[in-house]
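Welcome! Take a moment to look over the chain, and then let us walk through it together.

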Amino acid sequence: MAGLVTVMGVTGCVPFACPAIGWTNALTVQLDGDTTAVDQVQLCTEAGCAPVGDENVTGPLGLVTVEAQNGNAWTFSVDGLPDTFTVRMLTADGAVLSDTEVTPEWDRVGGSEQCGGPSEATVTVRS
């Protein structure tokens, strides 16, 4: 009887496989203060900043895109950014207005605990 219980316990266990990763995360950068000189907002790591015009950026920065800009809020589609990175604000001629280090608090909005899924975060940066 003990052998039967063991076999049932092993065969009753179904291995769990996660689907291929196919999501991006949404990061909203809320600018606070006078934003009249801000023309572009970028996300920066040690590897560089993105998005950047027509330059070919590789690695996780190559997947950073601006999905929406609504007033003082810039929403980015991101994949694989480190826990802490820099938000860079630029003028129309490319001059850096500010670099602010941020650590977003990501909230998963899809997928599952076992496999992960898309997340969202909002950070506020003083301009």
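Buried means under 20% relative accessible area, exposed means over 50%, and partly exposed is in between (1.4 Å probe, protein chains only). Arginine 88, with a relative accessible area of 23%, is therefore partly exposed.

This is a predicted model, where local features need pLDDT of at least 70, side-chain atom pairs count only at pLDDT 80 or more, and totals for chains, interfaces and linings use all residues. Residues are numbered from 1 along each chain as its sequence is written, and side-chain values use heavy atoms, leaving out hydrogens and water.

How many salt bridges does a search of the whole structure find? It finds two, a salt bridge being a side-chain nitrogen of Lys or Arg within 4 Å of a carboxyl oxygen of Asp or Glu.

| Salt bridge | Closest N and O atoms |
|---|---|
| Aspartate 32 with arginine 126 | 3.7 Å |
| Arginine 88 with aspartate 99 | 2.7 Å |

Aspartate 32 lies in strand S1 and arginine 126 in strand S9, so this pair ties together parts 94 residues apart in sequence. Strands (E, at least two residues) and helices (H or I, at least four) are DSSP runs, numbered from the N terminus. Arginine 126 is exposed at 57%, while aspartate 32 is partly exposed at 39%.

What about confidence? pLDDT is the predictor's confidence in each residue, from 0 to 100. The protein chain has a mean pLDDT of 83. Confidence is lowest in helix H1 (residues 2-11), at a mean of 48, and highest in strand S7 (residues 96-102), at 97. Where pLDDT is low, the predicted coordinates should not be read in detail.
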